[in-house]
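Student: Could you walk me through this one? I'd like to start with the overall picture and then get into the details.

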Amino acid sequence: MEAPTVETPAAAGQPPAAKRGLGRYAFALIPLIVFGGIAGTAAKMLYDQDVHGKNIAEIPSALLGTKAPSLNLPPLEGANLPALTDAAIKGKLTLVNVFASWCIPCHEEHPILKELAKDSRLNIVAINYKDKNDNALGFLGELGNPYKAIGIDPKGQSAIDWGVYGIPESYLVGPDGTILYKRVGPFDDVSLNEGLFPAMEKALGKPAS
């Protein structure tokens, strides 16, 4: 009796070698697709910056327009300031600044925060991020203290809750607890005049001083 015919991959019209070749080709395309996506995003950011004048440091946050994450951080020992809790910002237009003594841009930004602290309508508080207590005290002792309350975040958990990209980073929180504005990186004249001050004016209903 003649043995039954068994259809092989070759007989089905798709040689095994061809299948393997296609698989390798598809796998090789994955890095190119990923790179293309990254390059496209970077190109759009640069285009927006150069053509539309957008500041790419003003990174959008999913938290904008939502209630600020709850705060319950221990105080910075020796600073003689309250701990950073929800009560420290409740009912006040507040700038929550994330800083550390080891952060060089934080040193550069600090004089601006001291100037902002002169506006009695603005409550400035801080999350001290992954810092050593003595170093943070030294930072404030050398550069001055613009904060009404400081909470320590030694493990960075609170920073994660707030969606921090890198420090310094600041969030303007309305009296009702809504996040109104976010700044990634140190403040400068442009970010103040085009970002923070307009957000303050809108929240207060009058120009910021």
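Tutor: A residue is called buried here if its relative accessible area is under 20%, and exposed if that area is over 50%. Keep in mind that the model is predicted. By that cut-off, buried residues make up 36% of the 209 residues in the protein.

Student: And what does the surface come to, and how much of it belongs to carbon and sulfur?

Tutor: The accessible surface of the protein is about 12,200 Å², and 61% of that belongs to carbon and sulfur atoms.

Student: How many helices and strands are there, and in what order do they run?

Tutor: There are five helices and seven strands, and from the N terminus on the elements run α-β-β-β-α-β-α-β-α-β-β-α. If you take the contacts between residues at least 6 apart in sequence, 71% of them join residues at least 24 apart.

Student: OK, the sheet. What's the strand order?

Tutor: The open sheet of five strands has the order S5-S4-S3-S6-S7, and its pairing is mixed. Strand S5 (149–153) and strand S7 (179–184) stand at the edges with a single partner strand each, so one side of each is left without a neighbour in the sheet. On average, and ignoring direction, neighbouring strands of this sheet are turned by 20 degrees against each other.

Student: Which pairs are parallel and which antiparallel?

Tutor: Strand S3, residues 94–99, pairs with strand S4, residues 123–129, in the parallel sense over six bridges, and within that pairing Phe99 has Asn128 of S4 as its bridge partner. S3 and S6, by contrast, pair in the antiparallel sense over five bridges, with Val96 bridged to Tyr171 in S6. S6 and S7 are also antiparallel, over five bridges, and there Tyr171 has Lys182 of S7 as its bridge partner.

Student: What about the turn in the hairpin of S6 and S7?

Tutor: That hairpin has five residues between the strands, and Gly177 takes a positive phi near 90 degrees.

Student: Is S6 mostly covered or mostly open?

Tutor: S6 is mostly covered, since five of its five residues are buried. Glu169, Tyr171 and Val173 point one way from the strand, whereas Ser170 and Leu172 point the other way. In a regular strand the side chains alternate between the two faces of the sheet.

Student: Which helix lies across S3, S6 and S7?

Tutor: Helix H5, residues 189–204, lies across S3, strand S6 (169–173) and S7, and runs at about 165 degrees to S7.

Student: Switching to aromatics, how many pairs does a search find?

Tutor: A search of the whole structure finds four aromatic pairs. One of them is Trp102 with Tyr129, a tilted pair with 6.3 Å centre to centre and 55 degrees between the planes. The two residues are 27 apart in the chain, Trp102 being in the loop between S3 and helix H2 (104–116) and Tyr129 in strand S4. Separately, Phe99, Phe139 and Tyr147 form one aromatic cluster.

Student: Last topic: which cysteines form a disulfide?

Tutor: The search finds one disulfide, formed by Cys103 and Cys106 with their sulfur atoms 2.5 Å apart. The link is right-handed, with 85 degrees about the S-S bond, and both Cys103 and Cys106 are buried.

Conventions:
Residues numbered from 1 in each chain as written. Predicted model: local features only at pLDDT ≥ 70, side-chain atom pairs only at ≥ 80, totals over all residues. Heavy atoms only, no water. Pairing = 2+ DSSP bridges. Helix = DSSP H or I, 4+ residues; strand = E, 2+ residues; numbered from the N terminus. Axes fitted to C-alpha atoms, helices over the stretch in contact; angles between N-to-C directions. Contact = heavy atoms within 4.5 Å. Phe/Tyr/Trp six-rings, centres within 6.5 Å; stacked < 30°, edge-to-face > 60°. Disulfide = S-S within 2.5 Å. Buried < 20%, exposed > 50% of the residue type's maximum accessible area, 1.4 Å probe, protein only. Areas by Shrake-Rupley, 256 points an atom, 1.4 Å probe, with all protein chains shown as cover.
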